[in-house]
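Hello! Here are a few notes to read alongside the structure.

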Amino acid sequence: MNLSVTGAWVALLVAGLFEIVWALGLKYSEGFTRWWPSVVVAVGAAASFWLLALAMRVLPAGTAYAVWTGIGAAGTAALGIVLLGESANAMRIGSIALIVAGVLGLRFSGGGA
């Protein structure tokens with residue numbers, strides 16, 4: 001599959017969303033002791049890695065990996081607040097905002113293919 005630059009960025013965004021899925025699935029799997037959440041982790045991780053690999057065909061590895069982890073980290077932290085009742089103090093929200101700013105900076109810096 002040959003991707004355009006835009007297609008690579010879309011694949012990377014979706015890969016990051018699947019990273020959020022499998023990361024939260026780890027919490028719900030309770031150490032892989034619950035069947036369906038464990039299946040969600042496996043499928044989400046496989047989809048995430050596959051889409052990341054596709055995006056890296058076009059995008060620089062460092063940019064793609066940093067954006068992928070940033071989407072996963074910020075998204076998982078934000079959904080941890082919303083779904084799991086994790087702390088939502090100002091420092092935590094500000095830190096998530098910094099991750100998002102870094103991801104956007106990488107995307108629009110002109111260094112991504």
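Predicted model: local features only at pLDDT ≥ 70, side-chain atom pairs only at ≥ 80, totals over all residues.

1. Start with H1 and H2. Their axes come within 7 Å and cross at roughly 155°. An angle over 145° counts as roughly antiparallel, so H1 is roughly antiparallel to H2. The crossing of these two helices is left-handed. If you sort the residues of the contact of H1 with H2 by type, you get 18 nonpolar, 5 polar and 1 charged.

2. Now move on to H2 and H3. Here the packing angle is about 150° and the axes are 9 Å apart. H2 and H3 are therefore roughly antiparallel to each other, and their crossing is right-handed. To find the contact in your viewer, select Ser48, Phe49, Leu52 and Met56 on H2, then Ala61, Ala64, Tyr65 and Trp68 on H3. The residues of this contact divide into 7 nonpolar, 1 polar and no charged.

3. Next, the interior. In soluble globular proteins, nonpolar side chains tend to be buried together. In this model the largest nonpolar core has 17 residues, and the members that touch the most others are Leu12, Leu52, Leu59 and Val67. Which helices each supply at least two residues of this core? They are H1 (5-29), H2 (35-56) and H3 (61-84). H1 gives the largest share, with 7 residues.

4. Leu12 deserves a point of its own. Which residues is Leu12 in contact with, once neighbours within four places in sequence are left aside? The list is Leu52, Ala55, Leu59, Ala64, Val67, Trp68 and Ile71.

5. Finally, look at the loop between H1 and H2, where you will find Glu30 and Phe32. Glu30 has a phi near 50°, which is a positive value in a residue other than glycine. Phe32 is not a glycine either, yet its phi is positive too, at about 60°. Is Phe32 buried or exposed? Its relative accessibility is 52%. Exposed means over 50%, so Phe32 counts as exposed.

Methods:
Residues numbered from 1 in each chain as written. Heavy atoms only, no water. Core = buried A, V, L, I, M, F, W, Y, C linked by side-chain atoms within 4.5 Å. Buried < 20%, exposed > 50% of the residue type's maximum accessible area, 1.4 Å probe, protein only. Helix = DSSP H or I, 4+ residues; strand = E, 2+ residues; numbered from the N terminus. Contact = heavy atoms within 4.5 Å. Axes fitted to C-alpha atoms, helices over the stretch in contact; angles between N-to-C directions. Parallel < 35°, antiparallel > 145°, perpendicular 65-115°, else oblique. Left-handed = near helix turned anticlockwise from the far one by under 90°. Nonpolar A, V, L, I, M, F, W, Y, C, P; charged D, E, K, R; others polar.
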